[in-house]
Amino acid sequence: MDISGTTRVIAIFGHPVSHSLSPAMHNSAFREMGLDYCYIALDVLPSELRAAIEGVRAMDIAGLNITVPHKEAVMPMLDKVDPEASFIGAVNTIVNRSGKLIGYNTDGRGFMRSLEEESVDVAGKRVLLVGAGGAARAISWYLAESGSDLSIYNRTTERAELLVGDLAINFKNVRTAEGLEELGEADIVINSTSLGLKPEDALPFEPSALKQDAIVVDLIYRDTPLILEARKSGHKAINGLGMLLWQGVLASELWTGHAPPHEHMKNIIFKSLG
Ligand code: NAP
């Protein structure tokens, strides 16, 4: 990549951030597209976030990805937050439009694109969403909007109730799950908990309790024990790699106005994950 005096900079702010796959994915896509952009990872302490955001304005950085732990904290520092990101309560992408910083969240749309790619249509299906954290909030709007019959289960019931209450303002097809007993009735079950990130984690639910033709989706972007168990018992099982890819594709479109080469980006992610 030739970095010159005209190169536009995109950065990811996180803490920690050195593990991020995004620099490899986006730099490679910029190169493929012949765009004069580069993407860097910047470790920003929570106490320095405001100063870092002011730096974006001062240095005319073209755009950002925002990751843990800044996705919520950054919102009041922006000039505008789009309605989807406002509902989600978190921003993962920022575009600098002539000095005005606009916040977006591409996780939910990215998730739906990843399902589309796998020919999974949620319309009219019974979907059980396990977990009610930030990622669940990001995808639940789109699951409801797409006409699924959505129920949400979470270890901490109040958090599921809060999310369902927020969704219920716009959608009638959403409710709190009675419990994991609903597993046996669901057509699609989605793990949005962080269970599966660590090797010692328990399964978020037992795939043996599912209907034979139920589909399992895990937002974690590797084949987790849940995914492997589900496949073993004959279920279609999809990990979160597609969501990771498509949230990046959509972010890149927002920054540059061009559709990036998604197959190429997918290969870069595969390579980076070894
Ligand atoms: P979060 O806001 O911290 O929420 C964590 C969720 O996991 C909550 O529902 C929490 O339940 C549940 N949980 C945690 N430990 C648990 C346990 N021991 N037993 C049962 N439930 C437990 O995190 P998040 O941002 O939503 O992220 C969730 C997952 O999605 C992570 O694994 C992340 O890697 C993945 N993700 C993937 C992508 C992608 O692009 N593929 C994007 C975003 C997130 P409580 O409310 O009861 O604590």
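How many bridges pair strand β7 (residues 126-130) with strand β10 (residues 188-191), and in which sense, parallel or antiparallel? The two strands pair in the parallel sense, over four bridges. Before you go further, please keep in mind that this is a predicted model, where local features need pLDDT of at least 70, side-chain atom pairs count only at pLDDT 80 or more, and totals for chains, interfaces and linings use all residues. Residues are numbered from 1 along each chain as its sequence is written, and side-chain values use heavy atoms, with hydrogens and water left out.

**The six-stranded sheet**
- β7 and β10 belong to an open sheet of six strands with parallel pairing, in the order β9-β8-β7-β10-β11-β12; strands (E, at least two residues) and helices (H or I, at least four) are DSSP runs numbered from the N terminus, and two strands pair if DSSP finds at least two bridges between them.
- Because β9 (174-176) and β12 (237-238) each have a single partner strand, they stand at the edges, and one side of each is left without a neighbour in the sheet.
- Leu129 has Ile190 of β10 opposite it.
- Helix α6 (residues 157-168) lies across β8 (149-153) and β9, and runs at about 160° to β9; the angle, on a scale from 0 to 180 degrees, is taken between N-to-C directions of axes fitted to C-alpha atoms, for helices over the stretch in contact (heavy atoms within 4.5 Å).

**Around strand β6**
- Four of the five residues of β6 (residues 100-104) are buried, meaning under 20% relative accessible area with a 1.4 Å probe and protein chains only.
- β6 runs antiparallel to β5 (residues 93-97), joined by five bridges, and Asn96 has Leu101 as its bridge partner.
- β5 and β6 form a hairpin with two residues between them, and Ser98 in the turn has a positive phi of about 50°.
- β6 also runs parallel to β4 (residues 80-81), with two bridges, and Lys80 stands opposite Ile102.

**Asn65 in β3**
- Asn65 is found in strand β3 (residues 63-66) and counts as buried because its relative accessibility is 3%.
- Its side chain makes a polar contact with the side chain of Tyr39 at 2.7 Å; such a contact is a pair of N or O atoms within 3.5 Å, where within protein one must be able to donate a hydrogen and the other to accept it, and residues adjacent in sequence count only if both atoms are side-chain atoms.
- Leaving aside residues up to four places away in sequence, Asn65 touches residues including Phe13, His26 and Trp255.

**The ligand**
- A polar side-chain atom of Arg155 lies 2.9 Å from an oxygen atom of the ligand.
- A polar backbone atom of Leu219 is 2.8 Å from a nitrogen atom of the ligand.

Key: Buried means under 20% relative accessible area, exposed over 50%, partly exposed in between (1.4 Å probe, protein chains only).
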